[in-house]
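Subject: Handover of a structure and its findings

Dear colleague,

I am passing the structure below to you. Please look through it before reading the notes that come after it.

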Amino acid sequence: MIGLTLMSLAMAGSAHAAGETLNVGMASADAGKLDPHVATSTPDKGLLHWMFNGLVRIKPGEANPADIEPDIAESWTSSEDGLTWTFTLRQDVDCHGDYGPLDAEDVVFSLNRAADPDISAFADGYAAFESVEATGDHEVTIKLKNPVPSLLGLLVPYHGGNIVCKDAVEALGTEFERTPIGTGPFMFEEYQPQQYVKLVANPEYFRGEPQIKEIFYRYIPSDSSRDLAFQSGEIDMIYGKQDQTWVERISEVPGTKVAVMTPGEMSVIHLNMTMPPLDDVRVRRAVAHAIDRDALVEFKGPDVTLAAVSPVPEGNLGYTGDVPTYEFSVEKAKALLAEAGHPDGVTIKAIHTTLPGMLTTMEAVQALLREADINLEIETVEHATFHEQIRKDLSQVTHYAAARFPVADVYLSQFFHSDAIVGKPTAVANFSHCDVADEEITAARVETDDKKQLELWAEAQRKIMDEVCAVPLVQSLQLWAWKDTLDLGVEVNGSLNLSPPVTEAARFSE
């Protein structure tokens with residue numbers, strides 16, 4: 001397998017101009033859906049990052065909302081009550097290929113599409129949008145039903161904030177998810193199933209033509225194959241295995257730059273409260289007591305991992321650590337199981353991705369649970385299939401690793417509000433069927449007093465943890481490496497899209 005991988009890379013690489021082709025190795029067997037309003041997996045979002053723009057963006061190389069800057073919009077204003085926002089668009093933005101200039105009509109179409117639950121995986125985030133109108137050829141006005149926490153965060157090129165081109169979406173129909181058309185520095189060129197997606201430079205990009213002329217985004221699910229391809233020079237940039245030993249090992253490869261990027265993806269196991277025996281809170285609390293977070297942090301590596309205690313990641317606006325916690329205690333876990341009528345233990349089942357970083361975490365959880373007589377059966381499937389099946393409510397236990405715009409409302413609304421329960425028309429990612437904090441989550445969205453809003457978010461987190469809708473595990477920082485001859489043109493501290501910022505400024509120094 002390793003030999004075949006290297007052979008295919010070498011054959012492809014021989015025809016590419018030195019210094020103009022970037023080969024990227026991704027830890028996935030294949031692409032999922034390459035429609036930015038549908039794509040939910042880390043591998044897909046990382047690729048789309050290089051093809052699309054938003055009205056605004058977070059400065060390349062950063063992940064902090066404080067670093068929001070203009071993108072397709074060159075300026076914007078908001079009313080005093082925060083309910084009306086007007087964006088003035090650049091007039092030099094072109095859609096890829098022959099789809100012409102981008103204007104206000106494209107932005108209106110795109111944001112309405114992002115808000116459509118029949119299309120978008122992120123529609124819930126746009127529920128407060130009352131209207132999106134073209135108030136000029138290059139002016140868009142958004143009217144809100146109520147103030148939205150960090151509205152600009154919904155308009156960065158991430159999830160529903162990616163701006164698509166109306167004519168392309170309508171012309172391509174269902175083929176759009178395999179032929180994405182954006183406005184970014186790189187354009188879709190070719191897809192070879194289970195091999196690669198090829199991107200080419202956008203010569204009309206409004207910030208200037210990229211210096212890198214083509215990107216091969218290669219699907220290499222095996223950690224060892226991917227590492228060997230990087231060490232041999234067949235790939236230039238590599239998605240890392242999410243543990244500290246990988247960082248230490250790959251750092252020893254001559255001419256390598258390693259990036260440990262924020263935000264961390266928070267790993268959470270969601271417990272389906274409608275499926276026995278997890279319909280009993282005592283069983284869910286037993287699961288929580290059986291998990292040793294300190295052991296998980298040590299297993300993944302303390303330099304690249306943080307323990308997670310709340311359903312909102314530490315560092316997000318609205319996070320609180322003042323929530324019910326469940327100390328690691330095999331004895332307490334067994335006692336709770338016995339009290340719930342399971343003195344000999346229980347068996348629970350999980351459908352799980354083959355992505356190595358996630359799978360090793362879940363296997364460590366499996367070993368911990370076993371000590372408390374909780375038998376966790378894991379069925380592994382390819383990553384895109386995993387996303388399809390968990391959204392059909394097929395998994396009793398769902399391990400989900402996610403990074404989102406760092407505001408409590410996003411995590412709480414997408415994972416723990418009843419509107420987001422999988423299977424509903426408004427579904428997002430509520431795999432547990434949790435509804436205990438609906439009142440607080442909903443009230444916080446429209447609360448204009450910052451202190452009261454924080455209190456509502458904190459109470460929501462406390463209720464969710466008391467009910468053990470889910471068990472937060474760890475935050476895993478994003479690990480990438482690339483040749484030190486590749487200059488990305490910016491200092492890389494973070495990336496909301498979970499891949500390094502390959503922009504028009506990226507180039508090989510030799």
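This is a predicted model: local features need pLDDT of at least 70, side-chain atom pairs count only at pLDDT 80 or more; totals for chains, interfaces and linings use all residues.

Disulfides

The structure contains two disulfides. Counted along the chain, the bonded cysteines follow the pattern 1-2, 3-4.

One of the disulfides is formed by Cys95 and Cys165, whose sulfur atoms lie 2.2 Å apart. Cys95 has a relative accessible area of 6%, so it counts as buried. Cys165 is buried as well, with a relative accessible area of 1%.

Cys434 and Cys469 form a disulfide too, with their sulfur atoms 2.2 Å apart. The link of Cys434 and Cys469 is right-handed, with 50° about the S-S bond. Cys434 belongs to the loop between helix 12 (408-416) and helix 13 (438-446), and Cys469 to the loop between helix 14 (450-467) and strand 17 (470-483), so the pair ties together parts that are 35 residues apart in sequence. Both Cys434 and Cys469 are buried.

Helix 3 includes Ser110. Is Ser110 buried or exposed? Its relative accessibility is 0%, and Ser110 therefore counts as buried. Leaving aside residues up to four places away in sequence, Ser110 touches His37, Asn162, Ile163 and Val164. Of these contacts, Val164 is 54 residues from Ser110 in sequence, yet the two are 5.5 Å apart in space, C-alpha to C-alpha.

Two hairpins

Strand 6 (residues 129-136) pairs with strand 7 in the antiparallel sense over six bridges. The two strands are joined by a hairpin through two residues.

Met187 has Val200 in strand 9 as its bridge partner.

The largest pocket

How much space lies in the largest pocket? The volume is about 810 Å³. Its lining is made up of 32 residues, and those nearest the centre of the pocket are Val38, Ile119, Ser120, Ala121 and Arg391. Helix 11 (residues 383-390) gives the most to this lining, with three residues. By class, the lining of the largest pocket has 15 nonpolar, seven polar and ten charged residues.

Cavities

The count comes to seven cavities of 30 Å³ or more. In general terms, rolling a probe the size of a water molecule over the atoms shows where empty space is left.

The largest cavity holds about 300 Å³ of space. It is lined by 25 residues, of which His49, Arg57, Ile58, Pro60 and Pro157 lie nearest its centre. Eleven of the lining residues of the largest cavity are nonpolar, eight are polar and six are charged.

The second largest cavity has about 170 Å³ of space. Among its 18 lining residues, Tyr239, Gln242, Glu265, Gly357 and Met358 lie nearest the centre. Helix 5 (223-231), strand 12 (256-271) and helix 10 (356-371) are the elements that give two or more residues to this lining. Which element gives the most to the lining of the second largest cavity? Helix 10 does, with four residues. By class, this lining has six nonpolar, seven polar and five charged residues.

With kind regards

Definitions and conventions
Residues are numbered from 1 along each chain as its sequence is written. Side-chain values use heavy atoms; hydrogens and water are left out. A disulfide is a pair of cysteine sulfur atoms within 2.5 Å. Buried means under 20% relative accessible area, exposed over 50%, partly exposed in between (1.4 Å probe, protein chains only). On a 1 Å grid over the protein atoms alone, a cavity is a set of points where a 1.4 Å probe fits but cannot get out, and a pocket is an open set with protein on both sides within 12 Å along at least five of seven lines; lining residues have an atom within 4 Å of a point. Grid points are joined across faces, edges and corners, and a volume is the space filled by probe spheres set on the points. Ala, Val, Leu, Ile, Met, Phe, Trp, Tyr, Cys and Pro count as nonpolar, Asp, Glu, Lys and Arg as charged, and the others, Gly among them, as polar. Two strands pair if DSSP finds at least two bridges between them. Contact means heavy atoms within 4.5 Å.
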